[in-house]
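This briefing is intended for a reader who is examining the structure for the first time. Please keep the sequence and the 3D view at hand while reading the points that follow.

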Amino acid sequence: MKKRWIYLLAALTLTAGMCIAEPLAGIAASLEADAEGFVVGSCSLTVYPEDPNKGETDSFGADLADADVAVDVYRIARAVKTPGYDGYHYELAPGYDLDIPGNGEGGEGQQAVNWEQLAQEAAAVALNENAPGTPVEGSGVPAGTRMENLDAGLYLLVARGSDMTAIADYKTEVKQKDTLTGEETVRIATIVNSEQYTYAFLPQLVSLPTKAADENGVINTGNPGEWIFDMAVNLKPERLDRYGSLEIVKTLAEYETMGGVQESATFVFEVTGRLGDEIVYSNVESITFTAAGQERVTLDRIPAKAEVTVREVYSGSSYELTVPGDRTATIAADDIVSVEFENEYDGRRTNGHGIKNQFVYDEAGGWSWYSSPAQDAAGNRGEPQQ
């Protein structure tokens, strides 16, 4: 699998993980067990890609809603009624060897459980490409769809793009940095792409049935109140920009010569990218010819969906465009779009040429000067770095 590193800045010490659980329906009666000791009762679960009640400023809105988020649900354990208590512990499914503190028949509960770490361990099993886990029947549905007839137990939630069916397509790793300690950790995550953004989700665990959160926001099966069999879970993705590339293709039908000697001819392009009214990309690039033919240059890391305008601001000293005017294109994520220019020799002999200068800043060495063609001048370091 090709690892795609995503860097997130988020606190790792979270009260209730990265998802918020909302009760939809509860019952006041004590839990009951079947003949095998498993908790009786059919549960349901609805998973939203983000909190539907988020404020407009903080919400990812229509872009995330249109990204076709699907949710796979893996059953990690069945809920076993704990004798003498109105509670349960877990019987882990084969392959999920999770060390859940307090998971026994003594009724201690899971007060000190690091659910985020356990979710990572469960995800490593479920998303193992060589021996992947099997989602429960009825999962893999669009986010916001109610999944019914779930046994009481512990479930892993994995969000992905609905068009991503192979684990290698949506599984990635993220680097998270604790804003308080500065400590960096690597986490398994899954992704969903819209045309403009990538949304990264951390796999999450949810236990069914459950109880409402206490005054500190902690969700624990030992909390007082009704048992909740019908749950809604709101995920909290991180959003990252997607980028594409622009290729400028230049064709030179004829080439200026002076007494049989060919001089280099440089053409300069101004590139501006806009998202709405905001300029999100600005650059100047050049292409140099030493003979007639076709040359091209590619500009990378332009924000996806940006509308780019390419203007040839210098057409060599003795060349003119066959078709005047700017060229425009829309950047597509992880793709290359092209614009084309063609110039012809206007018959003048001017011996014109150009030099591309590039200034590169390095924290250790400061600014460095490169040029193409390389200039024999103090401080110049030759051809630009690739």
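The structure holds eight aromatic pairs. In the pair made by F269 and F341, the ring centres are 5.2 Å apart and the planes stand at 50°, so the pair is tilted. The model is a predicted one. The points below begin with these ring pairs and then turn to backbone geometry and surface charge.

**Aromatic pairs**

- F269 belongs to strand β18 (residues 265–275) and F341 to strand β24 (residues 336–345), so their pair ties together parts that are 72 residues apart in sequence.
- F269 counts as buried because its relative accessibility is 0%.
- F341 also counts as buried, at 2% relative accessibility, where the cut-off is under 20% relative accessible area.
- A further pair is formed by Y319 and Y345, whose ring centres are 5.8 Å apart with planes at 50°, so this pair is tilted.
- Y319 and Y345 are both buried.
- Ring pairs join Y319 and Y345 with F267 and F289 in a cluster.

**Backbone geometry**

- Most residues other than glycine have a negative phi, and most peptide bonds are trans.
- The peptide bond from L208 to P209, in contrast, is cis, and its omega is near -5°.
- P209 is placed in the loop between β12 (204–208) and β13 (227–234).
- R301 is not a glycine, yet its phi is positive, at about 55°.
- Strand β20 (residues 293–303) contains R301, and this residue is exposed, with a relative accessible area of 55%.
- D334 is another residue other than glycine with a positive phi, near 55°.
- The loop between β23 (327–330) and β24 holds D334, which counts as exposed at 64% relative accessibility.
- Both R301 and D334 are classed as exposed because their values are over 50%.

**Surface charge**

- Which residues form a negative surface patch? The patch is made up of D66, D68, E129, D163 and D169.
- E129, one of the residues in this patch, is found in the loop between α2 (115–126) and β6 (141–142).
- E129 counts as partly exposed because its relative accessibility is 36%, a value between the limits of 20% for buried and 50% for exposed.

Key. Residues numbered from 1 in each chain as written. Predicted model: local features only at pLDDT ≥ 70, side-chain atom pairs only at ≥ 80, totals over all residues. Heavy atoms only, no water. Patch = residues over 30% accessible without salt bridge, like charges linked within 9 Å, V, L, I, M, F, W, Y side chains within 5 Å. Areas by Shrake-Rupley, 256 points an atom, 1.4 Å probe, with all protein chains shown as cover. Salt bridge = Lys/Arg side-chain N within 4 Å of Asp/Glu carboxyl O. Lys, Arg positive; Asp, Glu negative; His and termini not counted. Charge placed at Lys NZ, Arg CZ, Asp CG, Glu CD. Helix = DSSP H or I, 4+ residues; strand = E, 2+ residues; numbered from the N terminus. Buried < 20%, exposed > 50% of the residue type's maximum accessible area, 1.4 Å probe, protein only. Phe/Tyr/Trp six-rings, centres within 6.5 Å; stacked < 30°, edge-to-face > 60°.
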